[in-house]
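Subject: Handover of a structure model

Dear colleague,

Please find below the structure that I am passing on to you.

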Amino acid sequence: MKIHREGYPTLLIVLTFITSLNLLLFYLNVNSIVLTVLIVLSLGFFFFILNFFRNPIRDAAINDNHVIAPSDGKLVVMEEVYESEILKTNCIQLSIFMSPLNVHKQWYPINGTVSYSKYHPGKYLVAWHPKSSTENERTSIVIDGKNNTKILYRQIAGAVARRICNYAKENTKVTQSNEAGFIKFGSRIDVFVPKSAKIKVKIGDIITGCETILADLS
């Protein structure tokens, strides 16, 4: 299993902590059964964290007319909204909730050029809260695609996630197979597509990043 580079510091801290704790309990002559249980739990916790930072390599079937999912998760919102930060128009918002069990790596949803990339400090409401899209810590990224299409996606921190890693740089050309970022632990991605797009998913769908087609722009 390949591990994402964003996980190395966290894994080192976790491994140091559980190793130190178990060594301390060993030298304190803790009951062997209790010690064994604690070691097993510690290893289980470490492998849970290790699994969280897995880094699958996926190649999108690149198509300029497709908006692909930027992350794994579950589709929890699909509604028409007015996007007021940058697009200034009505769009279809598609929101993907990521649990701690999902891959938390992101990919670019369309091919094109990054025209906007901005970090917003904020709150840490639970990721499925309706106001998390505008009040939580987040980044907003706009990609200019084919036929002047603009797609906005947001990386949104949840109640547990406290660090968003955004790799999108303004004026950089990107493709759907490129890595776009990483969010630590539970979080959410909002994707805003034109009202004219043909939506290919429905509420409750399990989404696979870099593979699931969210919308068709043709």
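The following paragraphs set out what was found, from the whole chain to single residues.

This is a predicted model, in which local features need pLDDT of at least 70 and side-chain atom pairs count only at pLDDT 80 or more, while totals for chains, interfaces and linings use all residues. Residues are numbered from 1 along each chain as its sequence is written, and side-chain values use heavy atoms, with hydrogens and water left out.

Overall picture

The protein chain contains 3 helices and 14 strands; helices (H or I, at least four residues) and strands (E, at least two) are DSSP runs, numbered from the N terminus. Taken along the principal axes, its C-alpha atoms fill a box of roughly 70 × 35 × 30 Å. Of the 218 residues in the chain, 50% are buried. Here buried means under 20% relative accessible area, exposed means over 50%, and partly exposed lies in between, with a 1.4 Å probe and protein chains only. The accessible surface of the chain is about 10,800 Å², and carbon and sulfur atoms hold 60% of that area. Such areas come from the Shrake-Rupley method with a 1.4 Å probe, and for residues only the protein chains shown count as cover. Among contacts (heavy atoms within 4.5 Å) with a separation of 6 or more, 71% join residues 24 or more positions apart.

The sheet

An open sheet of 8 strands runs in the order β9-β5-β6-β7-β11-β3-β2-β13, with antiparallel pairing. Two strands are said to pair if DSSP finds at least two bridges between them. The edges are formed by β9 (173-174) and β13 (206-207), each of which pairs on one side only.

Strand β6 (residues 138-144) has 6 of its 7 residues buried, so it is largely enclosed by the rest of the structure. On one side, β6 pairs with β5 (residues 112-120) in the antiparallel sense over 7 bridges, and Lys 118 stands opposite Ser 140 in β6. The pairing of β6 with β7 is likewise antiparallel, over 7 bridges; there, Val 142 has Leu 152 of β7 as its bridge partner. The hairpin of β6 and β7 has 5 residues between the strands, and Asn 147 takes a positive phi near 55 degrees in it. Strand β7 (residues 150-157) also pairs with β11 (residues 187-194), antiparallel over 6 bridges, with Tyr 153 facing Val 191 of β11 as its bridge partner.

Nonpolar cores and a surface patch

A nonpolar core is a set of buried Ala, Val, Leu, Ile, Met, Phe, Trp, Tyr and Cys residues joined through side-chain atoms within 4.5 Å. The largest one has 41 residues, of which Phe 53, Tyr 108, Ile 143, Tyr 153, Val 191, Val 193 and Leu 214 touch the most other members. Leaving aside residues up to four places away in sequence, the contacts of Tyr 108 include Ile 68, Val 114, Ile 143, Tyr 153 and Tyr 167.

On the surface, Leu 23, Phe 26 and Tyr 27 form a nonpolar patch with about 380 Å² of accessible area together. Patches are made of residues with over 30% relative accessible area and no salt bridge, with like charges joined within 9 Å and nonpolar side chains (Val, Leu, Ile, Met, Phe, Trp, Tyr) within 5 Å. Tyr 27 belongs to helix α1 and is exposed, at 65% relative accessible area.

Salt bridges

The structure has 8 salt bridges, each being a side-chain nitrogen of Lys or Arg within 4 Å of a carboxyl oxygen of Asp or Glu. One of them joins Glu 179 and Arg 5, at 3.3 Å from N to O. Glu 179 lies in strand β10 (residues 179-183) and Arg 5 in the segment before α1 (8-27), so this pair ties together parts that are 174 residues apart in sequence. Glu 179 is partly exposed at 21% relative accessibility, as is Arg 5 at 46%.

Asp 144 and Lys 150 form another salt bridge, with their closest N and O atoms 2.9 Å apart. Asp 144 is partly exposed at 27%, and Lys 150 is partly exposed at 40%.

Yours sincerely
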